Amino acid sequence: MHVVVINRWPRFLEGPRWDFSMGRFEELIDHERHQVSYLVDAVGATGVLADPEQIADLVEVEDLNDFEALCRAVRKITDRVGPVDRLIAVSEATIGIAAEVRAALGIPGPRPEDVALYRNKLRMKEAVAAAGIRAPRFASCESAESTVDFARATGFPLILKPVSGAGSRGVHRIEDEAELTTLLDQIDTGDYELEEYIEGPIYHVDGFVGEDSQIPFMAVSRYINDCLSFEAAGQPLGSVVVQASPLRSRVEEFARKCVAALNMASMPFHLELFVTAAGDLVFLEIAGRIGGAEVPYLTDKLFGVNLFELWLDALCEGGATVPPQTGDPSGGWLIIPKPDGLPAEVVSVTSMRDHFATVWRELVPTPGEVMQPGGSYDAVHSGRFILTGDESAVEEDIRKIIAGFRIETAPLPE
């Protein structure tokens, strides 16, 4: 089989960073059994660590979201190595365009209409609602007039968000009609949707769907704060794995219904849902990929499950086997975002590793380091922590870390 991997991620082999360490293509894809080629950008090239003699081909492009450039690169690889059997993309940023390239070049695998069900927020809510699963009321923003009519009928606050995207980038909580009409003038309305605001904590479910839409593995977690507050207001974001309870059982059954409604198979998933004060479960969104932030690292630590390994085995070997599960472990993670006023030099930072027995991994900048603005959940933020232990103890420690953490920065000299 000729496998082409699209990679945009680096790897950090030295120092304290653990980012992208689970997606070890050189280990998780059999480079002797298969012909393996790579399609990368400049950053992704640094993450290709296979023995050069075992790489069938490697092509670097400037932009992995340039459809024409990707098609040319795949044709070049095909000319030199042979027809492509699998075009693999494991990043949210490349899943959609990989589907477009498959369709254009006749490569087996999911097409744009397939991945739209777990990338397009309108399509996914239509599908789950049709299956009888509760979702927020929603409407496309394609027509400004109909969007305002929907807002008036539904009531404020409302959530305005891109139809496709990851995290909460571009998401706005809208408090009134004046704010809505102002924002509608500033965005490409065809790329946005408006939905009912649901009150209640947000849970996420991370797992793997087998060939028959059954879920051989999943872990239920509860956010501390939420992604929108992290992206829009610079608030800390955390999560705690939920241990056995009637609510967890209900959430697991909810997840099964969602992946079945979307016909998901042989892939990881990251599902988010609300739990209302009345105990109702309400669909928020789902992605056909591995959860971001510290999800894959904590999942491997607690359950011995590398979701990347399951995904690549399903794609390259025709099936994936989940390791046997014992016990009922818990853990969590916390990201304290970067301070304002960047770039700036770090003067001092609070280490929490020695103060909390639950802290398994810690990443904080070092004094003298210059922090740069930007980056997603995997950036070097003010602090990143992964914790293990009992659910209640982990949540308590996460909240204590949030309260006690301090970072001091100084402006760079003119």
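**Exercise 1. A covered strand and its partners**

How many residues of strand β8 (residues 192–196) are buried? Determine also how β8 pairs with β5 and with β6.

*Solution.* The model is a predicted one.

Step 1. Strand β8 is mostly covered, with 5 of its 5 residues buried.

Step 2. Strand β5 (residues 138–140) is joined to β8 by 3 bridges, and the two run antiparallel. Within this pairing, S140 has E193 of β8 as its bridge partner.

Step 3. Strand β6 (residues 158–162) is joined to β8 by 5 bridges, again in the antiparallel sense. Here L158 stands opposite E196 of β8.

**Exercise 2. An open sheet and the helices across it**

State the strand order of the sheet that contains β1, β2, β3 and β4, and describe the helices that lie across its strands.

*Solution.* 

Step 1. The 4 strands form an open sheet in the order β3-β2-β1-β4, with parallel pairing. Its edge strands, each pairing on one side only, are β3 (55–60) and β4 (86–89). On average, neighbouring strands of this sheet are turned by 20° against each other, direction ignored.

Step 2. For a pair within the sheet, take β1 (residues 2–7) and β2 (residues 35–40), which pair in the parallel sense over 6 bridges. V5 has Y38 as its bridge partner in β2.

Step 3. Helix α3 (residues 67–81) lies across β1, β2, β3 and β4, and runs at about 155° to β3. Helix α4 (residues 92–105) lies across β1 and β4, and runs at about 165° to β4.

**Exercise 3. Cysteines and disulfides**

How many disulfides does the model contain? Examine C258 as a case.

*Solution.* 

Step 1. A disulfide is a covalent bond between the sulfur atoms of two cysteines. The criterion applied requires a pair of cysteine sulfur atoms within 2.5 Å.

Step 2. The closest cysteine sulfur to that of C258 belongs to C227 and is 17 Å away, which is too far for a bond.

Step 3. The count comes to 0 disulfides.

Step 4. As to accessibility, C258 counts as buried because its relative accessibility is 0%. C141 is buried as well, with a relative accessible area of 0%.

**Exercise 4. Aromatic pairs and charges over rings**

Classify the aromatic pair W9 and F308 and the pair Y223 and W333, and state which parts of the chain they tie together.

*Solution.* 

Step 1. A search of the whole structure finds 6 aromatic pairs. In one of them, the ring centres of W9 and F308 are 5.9 Å apart and their planes stand at 90°, so the pair is edge-to-face.

Step 2. W9 is in the loop between β1 and α1 (25–28), whereas F308 is in helix α12 (residues 307–316), so the pair ties together parts that are 299 residues apart in sequence. Both W9 and F308 are buried.

Step 3. Y223 and W333 also form an edge-to-face pair, at 6.4 Å centre to centre and with 85° between the planes. Y223 belongs to strand β10 (residues 217–224) and W333 to strand β14 (residues 331–336), so this pair ties together parts that are 110 residues apart in sequence. Y223 and W333 are both buried.

Step 4. W9 and F308 form one aromatic cluster together with F20.

Step 5. Two charges over rings complete the solution. R17 lies over the face of F12, at 4.0 Å from the ring centre. The charged end of R173 sits over the ring of Y197, 4.6 Å from its centre.

How values were computed
Residues numbered from 1 in each chain as written. Predicted model: local features only at pLDDT ≥ 70, side-chain atom pairs only at ≥ 80, totals over all residues. Heavy atoms only, no water. Pairing = 2+ DSSP bridges. Axes fitted to C-alpha atoms, helices over the stretch in contact; angles between N-to-C directions. Contact = heavy atoms within 4.5 Å. Buried < 20%, exposed > 50% of the residue type's maximum accessible area, 1.4 Å probe, protein only. Phe/Tyr/Trp six-rings, centres within 6.5 Å; stacked < 30°, edge-to-face > 60°. Lys NZ or Arg CZ within 6 Å of the ring centre and 35° of its normal.
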